[in-house]
Amino acid sequence: MRVDERTARELRGLARVLVRSGYADHAAITAALTEAVQEDAPAMDAAALVPLLLGEAVMDLDQEAAGWPAITDPDRLDDVLGELEAQGLVVVRYTTDHHAARQALEAADDPKGLVFFTDTDVWHAVDFGMLELKLWHPDTANVAPGEPLLEDVLGLLHQHDLPAVYDEGRIEVTLNWQRRVTL
């Protein structure tokens, strides 16, 4: 049994963004791909197809990564996020939604704010070179233009050579998503 070309392309695309995200582990990627195959190509044997999809995505990434610079944009982003954590902000990476991020904020002792991005934000960055960061005050309110917290975060991103602008309640960071992955 074969899968139609559109479904095959979508499954390969999902495997690509899951692997390239650099945040999902082998088990999480396998589970997500298995679920997608079962939903989108139920006639296919997920146990046979998923390792092929995963292997192809890893091989493509490994081949491409050989030409990457020593320090990539996600490396610089990690430095920014680490500095923000050191300043007392709660940082939540690759979360499923804003509810989980809010829970992390509410569980923190005396947070200065919250910076987070979701799994789908990363997938967008993989494909389109732009990561959306959300920045909230400790009371979960979005920052607004001109506020010191926003200006500090934008300044830090720029210091690390990550172009960023605030637009419609989010910070749009322009970057090449080149995250090294070990699965």
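Is Lys-112 buried, partly exposed or exposed, and what is its relative accessible area? Lys-112 is partly exposed, with a relative accessible area of 42%. Buried here means under 20% relative accessible area, exposed means over 50%, and partly exposed lies in between (1.4 Å probe, protein chains only).

The model is predicted: local features need pLDDT of at least 70, side-chain atom pairs count only at pLDDT 80 or more, and totals for chains, interfaces and linings use all residues. Residues are numbered from 1 along each chain as its sequence is written, and side-chain values use heavy atoms, with hydrogens and water left out.

Salt bridges were examined next. A salt bridge is a side-chain nitrogen of Lys or Arg within 4 Å of a carboxyl oxygen of Asp or Glu. The structure contains 14 of these salt bridges. One of them joins Lys-112 to Asp-110, with the closest N and O atoms 3.1 Å apart. Asp-110 is exposed, at 61% relative accessibility. Glu-5 bridges to Arg-12, and their closest N and O atoms are 3.2 Å apart. Glu-5 is partly exposed at 49%. Arg-12 is also partly exposed, at 33%. In a further salt bridge, Glu-85 meets Arg-93 with the closest N and O atoms 3.3 Å apart. Glu-85 has a relative accessible area of 36% and is partly exposed. Arg-93, at 29%, is partly exposed too. A network of salt bridges links Asp-121, Glu-132, Lys-134, Arg-170 and Glu-172.

Aromatic contacts follow. Rings of Phe, Tyr and Trp (its six-membered ring) pair if their centres lie within 6.5 Å; planes under 30 degrees apart count as stacked, over 60 as edge-to-face and the rest as tilted. In one of them, the ring centres of Tyr-23 and Trp-177 are 6.4 Å apart and the planes stand at 40°, so the pair is tilted. Tyr-23 sits in the loop between helix 1 (5-21) and helix 2 (26-40), and Trp-177 in the segment after strand 5 (170-174), so the pair ties together parts 154 residues apart in sequence. Helices (H or I, at least four residues) and strands (E, at least two) are DSSP runs, numbered from the N terminus. Tyr-23 is partly exposed at 23% relative accessibility. Trp-177 is buried at 6%.

The rings of Phe-116 and Trp-136 have centres 5.0 Å apart and planes at 80°, so this pair is edge-to-face. Phe-116 belongs to strand 2 (residues 113-118) and Trp-136 to strand 3 (residues 130-136), so the pair ties together parts 20 residues apart in sequence. Phe-116 is buried at 2%. Trp-136 is buried at 10%. One aromatic cluster is formed by Tyr-23, Tyr-94, Phe-117 and Trp-177.
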